[in-house]
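Biologist: I have a structure to go through, and I would like to know what stands behind each label. Please set the values against the cut-offs as we go.

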Amino acid sequence: AREPIEDCVVELEAERADEDPKVFTHLKMHFVVTGSRLSAEKVERAVKLSAEKYCSASAMVAKTAKITHDFVVIDSCG
């Protein structure tokens with residue numbers, strides 16, 4: 001969306017099944033997006049599209065795990 005993003009980090013938390021094969025059962029993706037005066041609405045849309053539509057790894061893991069995501073926007077201007 002042509003936003004001035006300076007950095008984007010994804011922090012993951014995961015839970016796995018107790019029995020073999022110990023597949024992932026829950027993944028939480030926390031996006032930390034840094035930039036100058038970013039639009040939270042545009043970041044939210046980009047995160048949603050990234051996590052739910054364009055990520056082939058998420059599509060595969062979603063067969064066995066519940067995947068959730070959230071985000072925080074950090075304004076680099078202060």
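Biologist: Which residues does Glu 13 touch, not counting residues up to four places away in sequence?

Modeller: This is a predicted model, so what follows is computed from it. Glu 13 touches His 26, Leu 27 and Lys 28. Contact means heavy atoms within 4.5 Å. Glu 13 itself is placed in strand 1.

Biologist: Why is Glu 13 called exposed?

Modeller: Its relative accessibility is 54%. Exposed means over 50%, so Glu 13 counts as exposed.

Biologist: Why is Ser 58 called buried?

Modeller: The relative accessible area of Ser 58 is 11%. The cut-off is under 20%, so Ser 58 is buried. Ser 58 belongs to helix 2, residues 56-61. Not counting residues up to four places away in sequence, Ser 58 touches Met 29, Ala 51 and Ile 67.

Biologist: Which residues does Met 29 contact, leaving aside neighbours within four places in sequence?

Modeller: Ser 58 is one of them, and the others include Val 10, Leu 12, Ile 67 and His 69. Met 29 is also part of the largest nonpolar core.

Biologist: What makes that set of residues a nonpolar core?

Modeller: The members must be buried residues of the nonpolar kinds, joined through side-chain atoms within 4.5 Å. The largest such core has 6 residues: Met 29, Phe 31, Val 33, Leu 38, Val 43 and Val 47. Strand 2 (24-35) and helix 1 (40-54) each supply at least two of its residues. The largest share, 3 residues, comes from strand 2. In soluble globular proteins, nonpolar side chains tend to be buried together.

Biologist: How do you know that Cys 8 is in no disulfide?

Modeller: A disulfide needs two cysteine sulfur atoms within 2.5 Å. The cysteine sulfur nearest to that of Cys 8 belongs to Cys 55 and is 12 Å away, so Cys 8 is in no disulfide. For Cys 77, the nearest cysteine sulfur is that of Cys 8, at 18 Å, so Cys 77 is in no disulfide either. A search of the whole structure finds 0 disulfides.

Biologist: Where does the lining of the largest pocket come from?

Modeller: Strand 1 (5-16), strand 2 and helix 1 each give two or more residues to it. Helix 1 gives the most, with 5 residues. The lining includes Cys 8, Phe 31, Val 33, Val 43 and Val 47. The volume of the pocket is about 180 Å³.

Biologist: How many residues of that lining are nonpolar, polar and charged?

Modeller: The lining divides into 8 nonpolar, 1 polar and 3 charged residues. Arg 2, Glu 3 and Lys 42 belong to the lining, and Asp, Glu, Lys and Arg count as charged.

Definitions and conventions:
Residues numbered from 1 in each chain as written. Predicted model: local features only at pLDDT ≥ 70, side-chain atom pairs only at ≥ 80, totals over all residues. Heavy atoms only, no water. Buried < 20%, exposed > 50% of the residue type's maximum accessible area, 1.4 Å probe, protein only. Helix = DSSP H or I, 4+ residues; strand = E, 2+ residues; numbered from the N terminus. 1 Å grid on protein atoms, 1.4 Å probe; cavity = no way out; pocket = protein on both sides within 12 Å on 5 of 7 lines; lining within 4 Å. Points joined across faces, edges and corners; volume = space filled by probe spheres on them.
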